[in-house]
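Reader: I have a protein model open and want to learn how to read it. Can we go through its features one at a time?

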Amino acid sequence: MDIQFFQTFLMVAKLGNMTQAAEQLNFTQPTVTGQIHALEQDFGVMLFDRVGKKLFITEAGRQLVDYAERLLTTYDEAQKALSAHPGNIKIGIGTTTVNYILTPYLQAFQQQMPECSVTMEMRPNAAAVAKGIAENRFDLGLIQKELSVDYLTGFEVFKEQLVWVVHPTLAEKFKDSADISDYPLLIYKSGGLFRKLYEQTLGRKKNEPAIAYNDAEAMKNSILQGLGCGALPLNLAKQLLEDGSLIEFANIPRAAFSIWVVYHKEKMLSRAAMKLIKILKGEAGEATG
């Protein structure tokens with residue numbers, strides 16, 4: 001039974017007039033009549049006697065007033081208690097790239113729902129994120145590509161590119177060669193999207209990689225130390241390219257990839273999780289930056 005029906009009942013009981021009750025509640029008169037009729041059918045009693053155009057509350061109706069008031073008081077108390085309960089969104093992260101694009105979205109979420117918290121857990125790959133969602137350890141997942149798993153749904157939230165870069169001192173050591181095969185090549189470990197993009201763009205180079213990395217942050221630090229050249233997400237490398245800390249191999253095409261938000265098709269997400277999804281889609285409190 002809809003809690004609103006009891007609110008309507010108490011208003012009719014107070015005013016003794018369905019038309020006036022409808023005006024107070026901003027309903028149509030047939031809506032009020034229908035709600036009272038639904039209560040009478042559910043309880044199997046008449047709550048009001050209709051005599052001509054006049055309305056008289058019955059003994060059963062008077063008894064229901066007490067219960068309805070207590071019910072609404074309890075409902076209000078529950079609403080206050082639960083609204084004060086801090087929510088928590090659990091997110092599985094399948095790529096460190098998310099760290100560089102998620103900040104403005106999380107800032108918008110905090111502004112709109114400051115009582116809620118977000119917990120993020122790094123996982124080794126997209127499959128591990130999907131497994132965590134299936135086991136209800138994560139509400140949402142953020143991965144580097146669309147994942148074809150029957151129980152998941154999602155959407156693309158961000159387009160990104162990999163750029164091939166080198167530190168100026170290392171470029172000078174190799175006489176500013178534009179041929180990336182002249183340099184020691186830093187690469188990502190096999191099995192991930194970045195390694196696949198490497199091989200799609202560069203092919204299998206004759207020179208062995210100096211070091212293989214799990215994430216873009218470690219790759220960036222090694223490139224800045226002059227250990228070799230490698231690829232970084234543009235969002236991570238942009239400022240370093242602008243201030244001259246890194247040089248891009250302009251003759252190598254940028255490899256494109258996407259960041260996706262995924263979640264379980266059959267899970268009823270919390271109000272907080274749905275709010276974050278709307279922000280990520282740009283439908284509410286659109287993030288800037």
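Reader: How are helix 1 and helix 3 oriented to each other?

Author: Start with the general idea. Helices (H or I, at least four residues) and strands (E, at least two) are DSSP runs, numbered from the N terminus. Axes are lines fitted to C-alpha atoms, for helices over the stretch in contact, and angles run from 0 to 180 degrees between N-to-C directions. Under 35 degrees counts as roughly parallel, over 145 as roughly antiparallel, 65 to 115 as roughly perpendicular, and the rest as oblique. Now the case in this predicted model. Helix 1 (residues 3–15) and helix 3 (residues 29–43) pack at about 105°, with axes 9 Å apart. The two helices are therefore roughly perpendicular.

Reader: Which residues of helix 1 and helix 3 meet?

Author: Contact means heavy atoms within 4.5 Å. On the helix 1 side, F5, F9 and V12 are among the residues that meet helix 3. The helix 3 side includes V32, I36 and L39.

Reader: At what angle do helix 2 and helix 3 cross?

Author: Roughly 105°, and the axes of helix 2 (residues 18–25) and helix 3 come within 8 Å. That pair is therefore roughly perpendicular too. M18, T19 and A22 in helix 2 meet Q29, V32, T33 and I36 in helix 3.

Reader: In which sense do strand 1 and strand 2 pair?

Author: Two strands pair if DSSP finds at least two bridges between them. Strand 1 (residues 48–51) and strand 2 (residues 54–57) pair in the antiparallel sense, over four bridges. R50 has L55 of strand 2 as its bridge partner. Two residues lie between the strands of this hairpin, and G52 takes a positive phi near 65°.

Reader: Is I279 buried or exposed?

Author: Buried means under 20% relative accessible area, exposed over 50%, partly exposed in between (1.4 Å probe, protein chains only). I279 has 0%, so I279 is buried. It lies in helix 12 (residues 271–281).

Reader: How many disulfides are there?

Author: A disulfide is a pair of cysteine sulfur atoms within 2.5 Å. This structure holds zero. C116 is buried, at 12% relative accessible area. C229 is buried at 0%.

Reader: What is the mean pLDDT of the protein?

Author: pLDDT is the predictor's confidence in each residue, from 0 to 100. The mean is 87, and 93% of residues reach 70 or more. Over residues 285–289, pLDDT stays under 50.

Reader: What are the ground rules?

Author: Residues are numbered from 1 along each chain as its sequence is written, and side-chain values use heavy atoms, with hydrogens and water left out. Local features need pLDDT of at least 70, side-chain atom pairs count only at pLDDT 80 or more, and totals for chains, interfaces and linings use all residues.
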